[in-house]
Amino acid sequence: MTATDTHCPYCALQCGMRLHPVPAAPPGAPLVTVGERPGFPVNKGALCGKGQSAAAVLAHAARLTAPLVRQGHQLVETSWEQALDRVAEGLGRTVERYGPQAAGVFGGGGLTNEKAYLLGKFARVVLRTPSIDYNGRFCMASAAAASRAAFGLDRGLPFPLADIATTGCVILAGGNPAETMPPALRYFTGMRENGGRLIVIDPRRTRTAEQADLHLRPVPGTDLALALGLLQVVIAEGLVDREFIDSRTTGFEGARAAAMAHWPERVEEITGVPVSQLRQAARMFATAATGMVLTARGSEQHSKGTDTVRAWINLCLATGKAGRPGSGYGCLTGQGNGQGGREHGQKADQLPGYRSLTDPQARAHVAGVWGVDPGSLPGPGPSAYELLDRAGTPEGPRALLVMGSNPVVSAPRAAHITARLAALDFLAVSDVVLSETAALADVVLPVAQWAEETGTVTNLEGRVILREAALPPPEGVRTDLYVLKELAARLGTGQGFSDRPAEVFEELRRASAGGPADYAGIDYDRIRAENGVFWPCPDPGHPGTPRLFLDRFATPDGRARFAEVSHRPPAEPADPDYPLHLTTGRVTAQYQSGAQTRRVDRLNEAAPGPFVQLHPRLAERLDVREGDLLAVVSRRGRALAPARITGAIRPDTVFMPFHWSGPGRVNTVTNPALDPHSKMPEFKVCAVRVEKATEAGSR
């Protein structure tokens, strides 16, 4: 029995790890243990608590090991044949009765590239439906839209993580890697040890903010004004890089005019950040020889998230800190395959290789690989929230296949989305455990986990890596690829759907060839030999592209685009009835909707449940003591959790983590207002009031 080099199943770092088999493991115990893999360059052996305990979920008693079908109000075990027949019948009957658009597909940013690719192909070739999107729309969509508009291409980081340690200044806007991706913190620490400066923008004093040279604490929902204010100072003080602007960009004058309307005193009034700190941050960034702006969900998950990221990119372009070694804009992608998951066809408007579904040449190329008429491919469909919001209505899907997602916990206005899923004529869920979404389903299909199947994912750097199977799935469990192959056959498409990951990846390579995210030169053996390959990589002789844009940007003329953007308030500002701002986020020991991590004892001991973080002054005003049960109430509902009183948060703001269901589900409260460009919901700010509660009296 030999060890297997593979990768963590959680965040977008995709840390390398080595799985060691456990001979004669007792019943119910993990069959592998997690060890270090020092040779993988991203984490160099370091793992957070989630990664260290990742094997615990593989043998957990809560895993599904037989398909389930609904009989009345109960889910009962059945055979795979009967379960797949019922799913095919539910989808096929819906298409026949209501048309292809009434059959929907909802994917996930944790699916491998092979799964995401085949899921998109299933939707468009088998169901011929435009109704497909995925939960990554809730994560990186605004950064992706902004990068495509500014640079002509979206890759989370256009440089390796290691470059962070070499730069002169980093503005980290709305990110907390010390808690959300701890092994990445070494790069920020290394930067400061090398003389670089770290500016953190966050309404809370997080573990990351504690390490900053300068911490700016804006009112939630005002990052756009802050970015514009920094650019205004840079312009007013003559700190722009005119040679770079003239030679490598377009649109500066419009961006300049918009920024000059955001003078420091106005920005202080909007954001609460003092003028002195605005000037200090602008000078610190502009005068550094090299610099980066890195955004995360705190800046992006807003109804103006795309404009906010465009404003941060404007700051990079105006100071010449893009398309040069040691400089650039990047997004700290969140989900395990949040990058690859948005490249290969499970998005509503996209074909494999990051191609546009409305581009005739792209449609012709992909249709040729798939062996179908380009005219048979549906056009773009609704975005993730729109798809879920319309579920069970004449305007939306009547049947839905969910793969690798738990929107009952993760979607905004979650109580409404739960009701919409319950209104479907048919719901099938493919998952590892009986998640809150799976519990609503008519059919639940038990599928393999990360260590039980092989497949590629693409980390936040654009490095395509290979998760290797270390052990077989439990008896009664199949893979998502098997599910898609069998459903395609039952629905009349017996060819073109393999359940062998390597075969699917070979087809993905051909489908992506010539596209923005070109994987044509990447194969499994090369990934193993090189510790991953950076896309684009158009042919086997190409070295891959660790650093983008050094010679030109990916726009038709090779120039980056400034954006003319201006501040606007959140979709739901605080008011006398709801006088506080709610913001949400992650904690170190849990992950996303918690469907897996909430089943690991070690992680639950570290983070046993939700909480409401509030400032001592607010607690005093509400007569709240540490541990008191609080109700956080918005126009959409309420969430219950105990008080956690700390000076680390603004007095006008409360914070809740989003990993839990039930009464503590914060997404019951959050606002589904959408960004007009990315269709990203406004998770990161809504108006709430906070009141003391009792469990019985607050349901």
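Biologist: About how many helical turns separate Glu 530 and Arg 526 in helix 20?

Modeller: The model is a predicted one, and in it Glu 530 forms a salt bridge with Arg 526, the closest N and O atoms being 2.9 Å apart. An α-helix has 3.6 residues a turn, so residues three or four places apart point the same way. Glu 530 and Arg 526 are four residues apart in helix 20 (residues 524-530), so their separation is about one helical turn.

Biologist: How many of the residues of helix 18 are buried?

Modeller: Helix 18 covers residues 480-490 and is mostly covered. Among its buried residues are Asp 480, Tyr 482, Glu 486 and Ala 488. These buried residues pack against elements that include helix 2 (80-98), helix 3 (113-127) and helix 19 (501-512). Of the eleven residues in helix 18, the number buried is eight.

Biologist: Which residue with a positive phi follows helix 18?

Modeller: The helix runs over residues 480-490. The residue that follows has a phi near 100°, and it is Gly 492.

Biologist: How many residues apart in sequence are the parts tied together by Lys 115 and Glu 453?

Modeller: Lys 115 forms a salt bridge with Glu 453, with the closest N and O atoms 2.5 Å apart. Lys 115 lies in helix 3 and Glu 453 in the loop between strand 18 and strand 19 (455-458), so the parts that the pair ties together are separated in sequence by 338 residues.

Biologist: Are Lys 115 and Glu 453 buried or exposed?

Modeller: The cut-off for this class is a relative accessible area under 20%. Lys 115 falls in it, as does Glu 453, and both are buried.

Biologist: Which residue forms a salt bridge with Asp 213?

Modeller: Asp 213 has a relative accessible area of 29% and is therefore partly exposed. The closest N and O atoms of the pair are 3.1 Å apart, and the partner is Arg 192.

Biologist: How many disulfides does the count come to?

Modeller: A disulfide needs cysteine sulfur atoms within 2.5 Å. The sulfur of Cys 316 is 10 Å from the closest cysteine sulfur, in Cys 169, and is therefore too far for a bond. Likewise, the sulfur of Cys 331 is 9.5 Å from the closest one, in Cys 139, which is too far. The count of disulfides comes to zero.

Biologist: Are Cys 316 and Cys 331 buried or exposed?

Modeller: Cys 316 has a relative accessibility of 0% and counts as buried. Cys 331, at 2% relative accessibility, also counts as buried.

Biologist: What is the separation of the C-alpha atoms of Gln 74 and Asp 442?

Modeller: Gln 74 has its place in strand 5 (residues 74-77). At 54% relative accessibility, Gln 74 counts as exposed. Gln 74 and Asp 442 are 368 residues apart along the chain, while their C-alpha atoms are separated by 9.4 Å.

Biologist: How many aromatic pairs does a search of the whole structure find, and what is the angle between the planes of Phe 138 and Phe 683?

Modeller: The search finds twelve aromatic pairs. Phe 138 and Phe 683 form an edge-to-face pair, 5.5 Å centre to centre, and the angle between their planes is 70°.

Biologist: Why is the pair of Phe 549 and Phe 553 tilted?

Modeller: Planes under 30 degrees apart count as stacked, over 60 as edge-to-face and the rest as tilted. The ring centres of Phe 549 and Phe 553 are 5.3 Å apart and their planes lie at 40°, so the pair is tilted.

Definitions and conventions: Residues are numbered from 1 along each chain as its sequence is written. This is a predicted model: local features need pLDDT of at least 70, side-chain atom pairs count only at pLDDT 80 or more; totals for chains, interfaces and linings use all residues. Side-chain values use heavy atoms; hydrogens and water are left out. Buried means under 20% relative accessible area, exposed over 50%, partly exposed in between (1.4 Å probe, protein chains only). Helices (H or I, at least four residues) and strands (E, at least two) are DSSP runs, numbered from the N terminus. Contact means heavy atoms within 4.5 Å. A salt bridge is a side-chain nitrogen of Lys or Arg within 4 Å of a carboxyl oxygen of Asp or Glu. Rings of Phe, Tyr and Trp (its six-membered ring) pair if their centres lie within 6.5 Å; planes under 30 degrees apart count as stacked, over 60 as edge-to-face and the rest as tilted.
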